[in-house]
Amino acid sequence: MITTTSRGGPMLRASSTASAGPFIYHFTRVSRNAKTGPMPVTTTSANTCPPGCSFRYSGCYAENGPSALHWRAVSAGARGCTFDELLAQIRSLPHHALWRHNQAGDLTPSAPGTIDARLLSRLAMANRGRRGFTYTHYPPTRANCAAIHRANELGFTVNLSAETLAQADRYAAIRVAPVAVVLPAGITRPMHTPGGRFVAVCPASLGNADCLNCGICQERGRAVIVGFPAHGARAKRVERVFLERASS
C-alpha cells in the first residue's frame, strides 16, 4: 500500500500483507551509487519487503537519502517495469557482468513471508552466465530455503541477511546460502561471531573499494560472513535493533 504525505507526495508504507501486488521493478544499467560503483542495479517496490524485517520504518537505509526518492517513485508506480521486462534487461547484460539485484526492496513474495520460488528461479535462469547477487531478509523457512538454495545452484547469489552476530551463526549453520550481517556504526575491523565465524567488514563501507571492484557478496561458496556497519540518517535505530536483539 502507498500512502501520501501531507504535501501529496508518496510515502513508503508497505502493505501489512507484504504480498499485495502489483510488484514493480526498475533496472539501472549504470548506477551512480558510490558504494556499488558504475554497475547495473535493480530497485524493487517496497511491497516486496517481508513483514518480519526489524528495519522496516526503523533504520532501513533505503528509506532515507537519495535512494529513498527513487524507491518511492518505483513503489508508487511512477517508474519501473514488469517482471518479464526486468528479465529481458538482465538477459541483455554482457556475459560475466557483475550486477546487484534490489539495492532497495526484496525478493518477490507469493504470500506474506514466503518467497515466490517460481519467480526467483526464472530470475536465476535469466542471470545464467552473469554474476548477479542480492540479499534477503525473508526468514529461512523450509520453503524459502529451498527457493534460495535453488537460485544459488543456478548461479544467482542470494545472501541471507542477519540482524545480529548470533543470528548470522544460525543462518550459516543452515548451509543454504552465504550470509551477511548488519553491524553497529563505526565498526572498521574484522571480528568473529559467538560461534567463531569470521566476519569481514564490507570494503565499500570502509571506502576501500566498491561492489564492482570487490564482488565478495557474489561468491556463493564463501565461508566468510560480510558485515555492513549501519550508516545513514537512521544508523542509531539500526544499532538499537542490533543491541536489543543481541541481548534477547
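Leu 123 is in contact (heavy atoms within 4.5 Å) with Phe 83, Leu 86, Leu 87, Ile 90, Trp 99, His 101 and Phe 156, leaving aside its neighbours within four places in sequence. The model is predicted: local features need pLDDT of at least 70, side-chain atom pairs count only at pLDDT 80 or more, and totals for chains, interfaces and linings use all residues. Residues are numbered from 1 along each chain as its sequence is written, and side-chain values use heavy atoms, with hydrogens and water left out.

Leu 123 belongs to helix H3 (residues 117-126), where Leu 119, Leu 120, Ser 121, Leu 123, Ala 124 and Ala 126 are buried. Buried means under 20% relative accessible area, exposed means over 50%, and partly exposed lies in between (1.4 Å probe, protein chains only). Helices (H or I, at least four residues) and strands (E, at least two) are DSSP runs, numbered from the N terminus. The cover over the buried residues of H3 includes H2, strand S5 (98-104), strand S7 (114-115), helix H4 (142-153) and strand S9 (157-162). At the start of H3, Asp 116 places a side-chain oxygen within 3.2 Å of the backbone nitrogen of Arg 118.

Helix H2 buries Phe 83, Leu 86, Leu 87 and Ile 90. These residues cover an arc of only 100° around the axis, which puts them on the same side of H2. The arc is taken from the directions from the helix axis to the C-beta atoms. The buried residues of H2 pack against S3, strand S4 (41-44), S5 and H3.

Nonpolar side chains tend to be buried together in soluble globular proteins. A nonpolar core is here a set of buried Ala, Val, Leu, Ile, Met, Phe, Trp, Tyr and Cys residues joined through side-chain atoms within 4.5 Å. The largest such core has 40 residues. Leu 86, Leu 120, Leu 123, Phe 156, Val 179 and Val 181 have the most contacts inside it. At least two residues of this core come from each of S3, H2, H3, H4, S9, helix H5 (165-174), strand S10 (179-183) and strand S12 (198-201). H3 gives the largest share, five residues. A second, separate core has 14 residues, including Val 41, Phe 133, Ile 216 and Val 226.

Val 41 lies in S4, a strand whose side chains point two ways. Val 41 and Thr 43 point one way, Thr 42 and Thr 44 the other, and all are buried. In a regular strand the side chains alternate between the two faces of the sheet. S3 and S4 run antiparallel and are joined by four bridges. Strands count as paired if DSSP finds at least two bridges between them. Within S4, Thr 43 stands opposite His 26. S4 also pairs with S5, in the parallel sense, over two bridges. Ala 104 in S5 is the bridge partner of Thr 43.

Four aromatic pairs are found in a search of the whole structure. Tyr 25 and Phe 83 form an edge-to-face pair, 5.4 Å centre to centre with 65° between the planes. Rings of Phe, Tyr and Trp (its six-membered ring) pair if their centres lie within 6.5 Å; planes under 30 degrees apart count as stacked, over 60 as edge-to-face and the rest as tilted. Tyr 25 lies in strand S3 (residues 25-28) and Phe 83 in helix H2 (residues 83-91), so the pair ties together parts that are 58 residues apart in sequence. Both Tyr 25 and Phe 83 are buried. The ring centres of Tyr 135 and Phe 228 are 5.6 Å apart and their planes are at 85°, so this pair is also edge-to-face. Tyr 135 sits in strand S8 (residues 131-136) and Phe 228 in strand S13 (residues 225-229), 93 residues apart. Tyr 135 is buried at 13% relative accessible area, whereas Phe 228 is partly exposed at 22%. Ring pairs link Phe 133, Tyr 135 and Phe 228 into a cluster.

Most residues other than glycine have a negative phi. Asn 102, in strand S5, has a positive phi of about 65°. Asn 102 is buried, at 4% relative accessibility. Arg 175 has a positive phi near 60°. Arg 175 is found in the loop between H5 and S10 and is exposed, with a relative accessible area of 75%.

Conventions. A polar contact is a pair of N or O atoms within 3.5 Å; within protein, one must be able to donate a hydrogen and the other to accept it, and residues adjacent in sequence count only if both atoms are side-chain atoms.
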